[in-house]
Structure formats: structure tokens, C-alpha cells
Amino acid sequence: MEGVPITLSPYDAQWAVLFEQERVRLEAVLAQWLVGPVEHIGSTSVPGLAAKPIIDMMAPVRSLSEAAAAIEVVTVLGYRNGVHRPEEAHYFFKPETDNWWERTHQLHLAEPTSLLWRRRVAFRDALRCRADYRSRYEQLKRDLAHAHGTDLMAYACSKDDFVNEVLGVRHKAEAPSVAGPRETVTLSDT
């Protein structure tokens, strides 16, 4: 893939502020489809963790098919509708650019029972709870960014084994149970 090399920025407390501002806007326009609050996911949601500076979010919708009507509403907020796991989510990013490194926000509308939702929320919660996971994950991301240069897909796929280890599953098609939006997942330190 062509583009700029994958680089990580040191954790920035402003990421939480940017998420909160966007959460308020999104929840206002998506209210009729939501079954819970918009969640901040991905590395920018984990205090202390270096990340690509893109605010990743997931909005829990009652039904993916019903939420198709929300696509027009989200695009009015400056998002472009993209394709990422279309069987599990409606995906958006902004600003409207073809270059991933220029994006500031990404949003998935997903059912909270979906594999995508359960894996992303459980992984975020595990990283927030355990400093050893955070430090290992950050080092892995740095190593992979160096190894893969501009190939974002290879970088992302190379993290699967670590994610599976943290989640206590053997394959990326598995996820721990997460009862619903904003419910805390308790993970053992053993």
C-alpha cells in the first residue's frame, strides 16, 4: 500500500475530549437507532497508550438493517460512508479523504451482540485494566509499524494473536461475552 509510514503519537488527554464532543453530536442525531451510549474504542481510548491519532467510536444500534437509515444522518456531520465489515457494521470516517492517515474520526454502527462490538469493547477494557497488556501492546504496535512501513492492513492483521491472547480466545472469530453497552467487563489478573 502506498502512503505515509505508520507512526504512533504519544497518548494525548485531548483524545478523550475530542471523543466526548463527538459523542454528544452523534448521540443527538442517532438517538432513534441507539440502544446505549456511543463508546470510545481503539488505542486513543486507553489512557497512557500511544496510538495513531484517530478517534475510533462504536455506536450500539438496535438493528443493523434499521440503522441503514442513519447513513444519511451521519454523512451530514461530515463523515464518509466506507466499507469495513459490512455484515457487522455501518462504517464511517472523517474527514472525507481517501488517505487513512488524514482521518481524525472513525465510527461503526454495530449491534452490541456482534462479534465486532464484543471484541473491541472487551479488548479496550482489558487494556484499560492492565498495565502489562498496555505496555506489551504498545511495544508490539511500534515493532509492527517499523516492520510494515506503510502497509496498514498488514500492521492491523499482525495484531490478531495478541488480541486473541488478551481476550482468552484462540481465533479472531471468537470473543468473550459482553452483556451490553457500558457494562464493565471484569477480567482476571491471572
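Arg-85 sits in the loop between strand 3 (80–82) and strand 4. Helices here are DSSP runs of H or I with at least four residues, strands are runs of E with at least two, and both are numbered from the N terminus. The model is predicted: local features need pLDDT of at least 70, side-chain atom pairs count only at pLDDT 80 or more, and totals for chains, interfaces and linings use all residues. Residues are numbered from 1 along each chain as its sequence is written, and side-chain values use heavy atoms, without hydrogens and water.

Phi of Arg-85 is positive, near 50°, in a residue other than glycine. Most residues other than glycine have a negative phi. Arg-85 is partly exposed, at 32% relative accessible area (buried is under 20%, exposed over 50%, partly exposed in between; 1.4 Å probe, protein chains only).

## A cis bond at Pro-95

Lys-94 and Pro-95 are joined by a cis peptide bond, with omega about -5°. Pro-95 belongs to the loop between strand 4 and strand 5.

## The largest pocket

The largest pocket holds about 1300 Å³ of space. A pocket is an open set of points on a 1 Å grid over the protein atoms alone, where a 1.4 Å probe fits, with protein on both sides within 12 Å along at least five of seven lines; lining residues have an atom within 4 Å of a point. Its volume is the space filled by probe spheres set on the points, which are joined across faces, edges and corners.

Of its 40 lining residues, those closest to the centre include His-84, Arg-120 and Lys-159. Helix 3 gives the most to the lining, with 6 residues.
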